[in-house]
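Here is a short report on one protein chain. Look at the structure first, then read on.

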Amino acid sequence: MPARTWRPESVRTVEDEPFAGVAHGLGETFERDGDLEQAASWYRRAAEAGSPGAALRLGDVLGRLADERRAGDAAEDLLAEATRWLSGAPDTTTPDAIGLITDMLNRHQRRAARRGSEE
């Protein structure tokens, strides 16, 4: 029997909790290794599959990517997406979630201050 190449898109469904757990774990692995682009990709898949923890991690990773880019539309888009994920997370009352949201508010303030000083 020939082997088939495994692709996450071929097995993923919104109700597929095991996929969300695997995707979240891959996001954590890439984040730990410093590959924030890949981490965001896997956290996004897990969050879209219903993982509330992945939504919080995705918001944080996207915010950090926006910090790395510092200027331009790409950074603004990342920051906007990060804010959407953080504000829409199911449980935003935990200390970790509050810390991530506070960090996001600080990012917005720093970005606004930079825009103000450029004018």
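The side chains of Asp67 and Arg110 meet in a salt bridge, at 3.7 Å from N to O. A salt bridge here is a side-chain nitrogen of Lys or Arg within 4 Å of a carboxyl oxygen of Asp or Glu. This pair links distant parts of the chain: Asp67 sits in helix α3 and Arg110 in helix α5, 43 residues apart. Asp67 is partly exposed at 23% relative accessibility, and Arg110 is partly exposed at 40%. Buried means under 20% relative accessible area, exposed over 50%, and partly exposed in between (1.4 Å probe, protein chains only).

This is a predicted model: local features need pLDDT of at least 70, side-chain atom pairs count only at pLDDT 80 or more, and totals for chains, interfaces and linings use all residues. Residues are numbered from 1 along each chain as its sequence is written, and side-chain values use heavy atoms, with hydrogens and water left out.

The count of salt bridges comes to seven.

| Pair | Closest N to O distance |
|---|---|
| Arg64 and Asp60 | 2.9 Å |

Arg64 lies in helix α3 (residues 52–69) and Glu31 in helix α1 (residues 17–32), so their pair ties together parts 33 residues apart in sequence. Arg64 and Asp60 are about one helical turn apart, because four residues separate them in helix α3. Arg64 is partly exposed, at 27%. Glu31 counts as buried at 15%, and Asp60 is buried at 7%. Salt bridges also join Glu31, Arg57, Asp60 and Arg64 in a network.

Next comes Glu81, in helix α4 (residues 73–88). Is Glu81 buried or exposed? Glu81 counts as buried, with 18% relative accessibility. Beyond its neighbours within four places in sequence, Glu81 contacts Arg44 and Leu62; contact means heavy atoms within 4.5 Å. The side chains of Glu81 and Arg44 make a polar contact at 2.9 Å. A polar contact is a pair of N or O atoms within 3.5 Å; within protein, one must be able to donate a hydrogen and the other to accept it, and residues adjacent in sequence count only if both atoms are side-chain atoms.

Now the whole chain. The protein chain has five helices and zero strands. Helices (H or I, at least four residues) and strands (E, at least two) are DSSP runs, numbered from the N terminus. Buried residues make up 35% of the 119 residues.

The mean pLDDT is 80, and 82% of residues reach 70 or more. pLDDT is the predictor's confidence in each residue, from 0 to 100.
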